[in-house]
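Hello,

Here is the structure I promised to send over. Have a look at it first, and then read on for my notes.

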Amino acid sequence: MSISRIERTLFRDEHRRFRERVRAVLDTEVVPHHRDWEMRGLVDRTLWNRAGTEGFLCPAISRDHGGKGKDRLFSIVVTEEIAKAGASGLGWGLHSDIVAPYIETYGSEALKRAYLPAMAAGTMVGAIAMTEPSAGSDLRGIVTSARRDGDDFVVNGSKIFVTNGWHCDLVILAVKTATEGAAKGISLLLVESATDGFSRGQLLKKSGMCALDTVELFFDEMRVPAGNLLGREGDGFSCLMQQLPWERLLAAVYTIAAAEAVLEAAIDWMKRQRANEFEGWQDGQSNRFRFAELATEVEVGRVFVDHCIALSLRHLLNAETASMAKLWATNLQFKTMTKCADMLGTAGRQGLSIDRFWADSGIYRLAGGSNEIMKELIGRSL
């Protein structure tokens with residue numbers, strides 16, 4: 001059952017066929033194992049290779065650089081299907097739609113040819129390391145340093161909450177290459193995890209996204225070739241700001257799809273209980289009103305997010321509108337999970353794994369800039 005009453009016109013037949021393939025792989029090779037991966041704190045590494053073989057990774061990267069050369073709607077499809085499946089342990093989106101575009105946009109031709117084909121094939125896993133123990137939302141406060149020494153940068157410091165950090169072969173690292181100038185002193189380096197001086201901490205325990213491998217990374221006199229610089233030295237903060245609208249849109253895409261999936265499942269579950277004459281659930285009007293409100297808000301969110309996707313495809317999505325999409329969708333996801341959990345009670349939550357969806361929903365109100373920062377950005381634009 002779909003709660004949507006408005007036809008989505010973004011997608012063509014090729015996107016629909018691709019969606020069916022993604023859904024089939026998730027249903028057979030991800031969903032049955034996800035609980036086990038949550039206990040372990042990471043998914044099987046072989047899954048990355050399968051995703052590469054199926055063409056699920058880096059679909060929007062150009063064919064010249066090993067990708068599929070498709071439009072970004074293919075990335076949207078993968079994001080939505082992962083959200084609907086509750087497969088929060090898959091770090092494919094960050095790998096394909098954040099790390100790879102940074103390399104293709106700001107990397108040298110040599111870096112693109114060295115790394116992007118392997119990322120599209122799933123033989124290399126990408127991560128991005130920005131957050132530090134003492135610098136979260138405001139990246140200007142990072143202290144991980146990179147000093148120039150001949151043809152190398154020498155890096156010292158650490159990063160925390162690095163998604164894909166355990167499996168990663170390649171990391172985009174935000175570093176300070178100059179002590180003065182705050183944002184002007186930030187640069188981006190592309191680092192292989194096999195580099196001397198690179199080390200990982202233990203897998204971090206989290207309340208949600210438990211199967212998404214997340215670690216702390218450490219750098220001790222790590223030498224990185226100067227040619228691994230993304231963009232120009234000192235332009236790292238500007239590069240990050242240019243990419244954030246797309247990253248925030250992806251958060252909105254994921255969370256509105258997750259909200260839809262849980263709401264649809266909750267309504268179906270409630271109908272089944274009424275059909276089975278399960279007393280206690282069938283005093284219908286109060287629950288119908290709650291479902292009606294949620295369905296209306298989710299539909300509003302879906303139409304707005306789809307419009308933002310259309311703007312992004314035309315390169316017209318600005319930072320403020322992307323921030324609005326993230327603010328609305330991530331807050332609505334959390335609200336939807338909470339209200340559905342309240343209505344369904346313990347039996348329904350266990351049957352639909354709503355508790356897990358609810359726990360997973362918290363991170364998106366923080367990732368890509370907290371929702372308080374979204375309000376600040378939107379407010380400044382008014």
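This is a predicted model: local features need pLDDT of at least 70, side-chain atom pairs count only at pLDDT 80 or more; totals for chains, interfaces and linings use all residues.

**Helix α1**

Let me begin with α1, which covers residues 13-30. Its 18 residues should span 26 Å at 1.5 Å a residue, and the end C-alpha atoms are 25 Å apart, so the length agrees with what a helix should give. The residues of α1 that are buried are His15, Phe18, Arg19, Val22, Val25, Leu26 and Val30. Looking down the axis of α1, you will find these buried residues within an arc of 135 degrees, so they line one face of the helix.

What lies over the buried residues of α1? The cover includes α2 (34-40), α3 (46-54), α4 (73-85) and α5 (92-106).

His15 is buried, with a relative accessible area of 1%. Setting aside residues up to four places away in sequence, His15 touches Leu10, Asp71, Leu73, Phe74 and Val77.

**Helix α4**

Next comes α4. The 13 residues of α4 should span 18 Å at 1.5 Å a residue, and its end C-alpha atoms are 18 Å apart, which agrees. Of these 13 residues, 11 are buried, so α4 is largely enclosed by the rest of the structure.

Ser75 is part of α4, and at 2% relative accessibility it counts as buried. Beyond its neighbours within four places in sequence, Ser75 is in contact with Pro59, Ala60, Asp97 and Trp246. Just after α4 you will come to Gly86, with a positive phi of about 70 degrees.

In soluble globular proteins, nonpolar side chains tend to be buried together. The largest nonpolar core in this model has 66 residues, and Leu90, Trp92 and Phe291 are the ones that touch the most other members. Two or more residues of this core come from each of α1, α3, α4, α7 (236-275), α8 (284-313), α9 (319-352) and α10 (354-361). The largest share, 17 residues, is given by α7. Another core, of 32 residues, lies apart from this one, and Leu116, Met119, Ala120 and Ala135 are among its members.

Not counting residues up to four places away in sequence, Trp92 touches Leu26, Leu47, Trp48, Ala51, Phe56, Leu57, Val78, Ile82 and Asp97.

**The cavity**

How many cavities of 30 Å³ or more does a search of the whole structure find? The search finds one. About 50 Å³ of space lies in the largest cavity. Its lining is made up of Ala83, Gly86, Ser88, Tyr254, Ala258, Gln333, Met337, Phe357 and Asp360. At least two residues of that lining come from each of α7, α9 and α10.

**A few single residues**

Ser62 is in the loop between α3 and α4, and with a relative accessible area of 23% it is partly exposed. Ser62 touches Gly67, Gly69 and Glu104, leaving out residues up to four places away in sequence. Ser62 and Leu116 are 54 residues apart along the chain, and their C-alpha atoms are separated by 9.4 Å.

Leu316 is in the loop between α8 and α9, and it counts as partly exposed at 48% relative accessibility. The C-alpha atoms of Leu316 and Ala114, 202 residues apart along the chain, are separated by 31 Å.

Two strand residues have a positive phi without being glycine. Phe161, in strand β3 (residues 152-163), has a phi near 55 degrees and is exposed, with a relative accessible area of 55%. Glu221, in strand β7 (residues 214-225), has a positive phi of about 50 degrees and is partly exposed at 40% relative accessibility.

Best wishes

Key
Residues are numbered from 1 along each chain as its sequence is written. Side-chain values use heavy atoms; hydrogens and water are left out. Helices (H or I, at least four residues) and strands (E, at least two) are DSSP runs, numbered from the N terminus. The expected span of a helix is 1.5 Å times one less than its number of residues. Buried means under 20% relative accessible area, exposed over 50%, partly exposed in between (1.4 Å probe, protein chains only). The arc is that of the directions from the helix axis to the C-beta atoms. Contact means heavy atoms within 4.5 Å. A nonpolar core is a set of buried Ala, Val, Leu, Ile, Met, Phe, Trp, Tyr and Cys residues joined through side-chain atoms within 4.5 Å. On a 1 Å grid over the protein atoms alone, a cavity is a set of points where a 1.4 Å probe fits but cannot get out, and a pocket is an open set with protein on both sides within 12 Å along at least five of seven lines; lining residues have an atom within 4 Å of a point. Grid points are joined across faces, edges and corners, and a volume is the space filled by probe spheres set on the points.
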